[in-house]
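Thanks for coming. I will take one model and go through a few places in it. Please have the view open.

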Amino acid sequence: MMMNKKQSNIDFRCMSFFFKIRDKFHPPIEKIRKASIKHGEIVLDYGCGSGSYTIAAVEKVGPNGKIIAADIHPLALEKVRKKAEKIGYHNVETIQTDCATGLDDKCIDKVMCFDVFHDIPHKNDILKEFHRVLKPNSILSFDDHHMNEDEIIDFITSKGLFKLAEKKDKQYNFIKI
Ligand SMILES: C[S@@+](CC[C@H](N)C(=O)[O-])C[C@H]1O[C@@H](n2cnc3c(N)ncnc32)[C@H](O)[C@@H]1O
């Protein structure tokens with residue numbers, strides 16, 4: 001399987017700083033609402049970065065739900081763990097991976113894949129992994145401002161694994177087939 005290289009630590013820190021500013025203008029909770037994340041759900045935040053959406057989602061799922069934050073970069077997972085600890089959430093798990101999550105089949109209610117897909121060379125493998133871990137009829141919530149709408153819809157739907165359920169601004173909710 002083709003793997004992509006993780007960023008340098010300095011690049012990761014610069015990106016995290018940029019996301020702090022981004023989040024002031026675009027509060028992460030907006031994407032969580034568009035993904036229709038609900039109380040009690042188990043959510044995989046794939047390519048979680050510094051955890052903007054992980055933390056917003058954990059507030060939404062509450063103590064009966066869980067967020068699994070996955071990233072290729074160890075600093076991402078360290079940041080997510082620290083943020084979760086600071087606000088006293090114990091229902092955030094982290095996985096370091098570039099594709100395989102090691103999760104059970106059909107255990108996830110929602111996958112969030114925000115601003116990461118463009119960077120992944122082995123896109124088909126990642127899609128298969130999302131399909132494997134999602135429960136039947138569950139949602140892959142997707143956005144990537146580096147890809148245009150046709151590319152996104154074509155890529156995600158053309159393998160027969162997902163179909164488009166709804167589009168909310170530039171965020172797409174695909175349903176597992
Ligand atoms: C541009 S950041 C987006 C972070 C977060 N989703 C957000 O929007 O705030 C992309 C993240 O994906 C991670 N990443 C890149 N390739 C990956 C892969 N193959 N598997 C898991 N994470 C990956 C990077 O380390 C980085 O943290």
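I start with helix α3, where S52, Y53, T54, I55, A56, A57, V58 and V61 are buried. Buried here means under 20% relative accessible area, exposed means over 50%, and partly exposed is in between, with a 1.4 Å probe and protein chains only. Helices are DSSP runs of H or I with at least four residues, strands are runs of E with at least two, and both are numbered from the N terminus.

Before going on, the ground rules: this is a predicted model, in which local features need pLDDT of at least 70 and side-chain atom pairs count only at pLDDT 80 or more, while totals for chains, interfaces and linings use all residues. Residues are numbered from 1 along each chain as its sequence is written, and side-chain values use heavy atoms, leaving out hydrogens and water.

Just after α3, G62 takes a positive phi of about 70°. Then comes N64, in the loop between α3 and β2 (66-71). Is N64 buried or exposed? N64 is exposed, at a relative accessible area of 61%. Setting aside residues up to four places away in sequence, N64 touches H39 and G40, where contact means heavy atoms within 4.5 Å.

Next, T101, which sits in the loop between β3 (92-96) and β4 (108-114). T101 is buried, with a relative accessible area of 8%. What does the side chain of T101 reach? One of its polar atoms lies 3.2 Å from the backbone nitrogen of L103, and a polar contact of 2.6 Å joins the side chains of T101 and E129. A polar contact is a pair of N or O atoms within 3.5 Å; within protein, one must be able to donate a hydrogen and the other to accept it, and residues adjacent in sequence count only if both atoms are side-chain atoms. Leaving out residues up to four places away in sequence, T101 touches L44, Y46, I95, E129, R132 and V133.

Last, the cysteines. How many disulfides are there? With a disulfide taken as a pair of cysteine sulfur atoms within 2.5 Å, the count comes to 0. For C14, the closest cysteine sulfur is in C48, 18 Å away and too far for a bond. For C107, the closest is in C99, at 15 Å, also too far for a bond.

That is my list.
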